[in-house]
Amino acid sequence: MPAPINPFKRALANGETVIGCWLGLADPYAAEVMGEAGFDWLVIDGEHSPNDLRSIRDQLQALAASPSHPVVRVPTGETWMIKQVLDAGAQTVLVPMVDSADQARQLVRDCHFPPLGDRGVGYALGRASRFGQIGDYGPTAGDQISLLVQVESRTGLEALEDILAIEGIDGVFIGPADLAADLGHLGNAMYPDVQRAIMDAITRITASGKAAGILSTNDEMTSAALSAGARFVAVGIDVSMLLDTAKTTAQKWQGHTK
């Protein structure tokens with residue numbers, strides 16, 4: 001029996017556009033709720049949320065029966081981190097702060113077993129192979145792993161063409177917040193120069209044949225990104241959605257207590 005089909009990877013390969021949401025609450029119950037909301041994919045964020053390997057595993061378990069595909073963002077592109085989340089059952093990995101083709105090339109190796117890569121062979125211990133019950137997991141796993149790299153700096157944009165030339169990368173995700181900061185506009189991703197850089201990058205990624213991605217909670221930027229060709233687009237963040245709804249509800253009734 002081969003490794004399970006990765007529906008997210010298949011959708012990108014088929015040219016489909018998939019809509020996602022960020023998970024920052026670091027809780028499996030919240031992830032399970034979000035899995036019923038109708039998003040195509042959900043990012044379990046290990047970079048800016050209080051997640052560790054166990055909480056990532058728990059959220060992968062919570063989403064296993066969900067129609068939403070889990071994407072795990074690791075804190076940084078370290079081989080050992082990628083090894084652990086793959087063994088925990090992640091099939092799609094998002095890596096932040098990729099600035100060079102050399103980085104991208106190593107990340108591809110991190111997602112594959114030898115002799116093609118550097119992923120450690122111990123999958124019989126993990127969820128990825130159903131604890132050894134997927135007999136052909138080793139030879140087939142690499143074909144179902146989707147690697148997404150984040151380009152979010154001047155240096156990354158300058159190296160974009162070289163990064164796009166690396167085989168084994170399914171998509172390039174533009175990080176608006178970090179890119180805005182690096183361009184001198186911290187906290188203002190809607191600044192015209194930042195928007196031009198983002199849309200130009202999305203256009204270049206799309207022209208290369210790879211999928212372009214972005215996180216945007218601004219409708220204007222979301223629409224522009226989709227028009228430019230973005231195909232995996234996150235449109236919300238669970239933390240912000242919870243806070244916004246809670247504030248609206250509290251404010252609605254505060255006046256009635258006076």
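This briefing describes salt bridges in the structure above. The structure is a predicted model, in which local features need pLDDT of at least 70 and side-chain atom pairs count only at pLDDT 80 or more, while totals for chains, interfaces and linings use all residues. Residues are numbered from 1 along each chain as its sequence is written, and side-chain values use heavy atoms, with hydrogens and water left out. A search of the whole structure finds 10 salt bridges (a side-chain nitrogen of Lys or Arg within 4 Å of a carboxyl oxygen of Asp or Glu).

**Links between distant parts of the chain**

- Glu-47 and Arg-73 form a salt bridge through their side chains, at 3.1 Å from N to O.
- These partners are 26 residues apart: Glu-47 lies in the loop between strand 2 (41-45) and helix 3 (53-63), and Arg-73 in strand 3 (residues 69-73) (helices, H or I, of at least four residues and strands, E, of at least two are DSSP runs, numbered from the N terminus).
- Arg-73 is buried, at 7% relative accessible area (buried means under 20%, exposed over 50%, and partly exposed in between, with a 1.4 Å probe and protein chains only).
- Asp-45, Glu-47 and Arg-73 are joined in a network of salt bridges.
- A salt bridge also connects the side chains of Arg-119 and Asp-87 (2.9 Å, N to O).
- Arg-119 has a relative accessible area of 1% and is buried; Asp-87 is buried at 18%.

- Arg-204 and Asp-200 meet in a salt bridge of 3.4 Å, N to O.
- Both residues belong to helix 10 (residues 192-208) and stand 4 residues apart, about one turn of the helix.
- Arg-204 is partly exposed at 23%, and Asp-200 is partly exposed at 41%.
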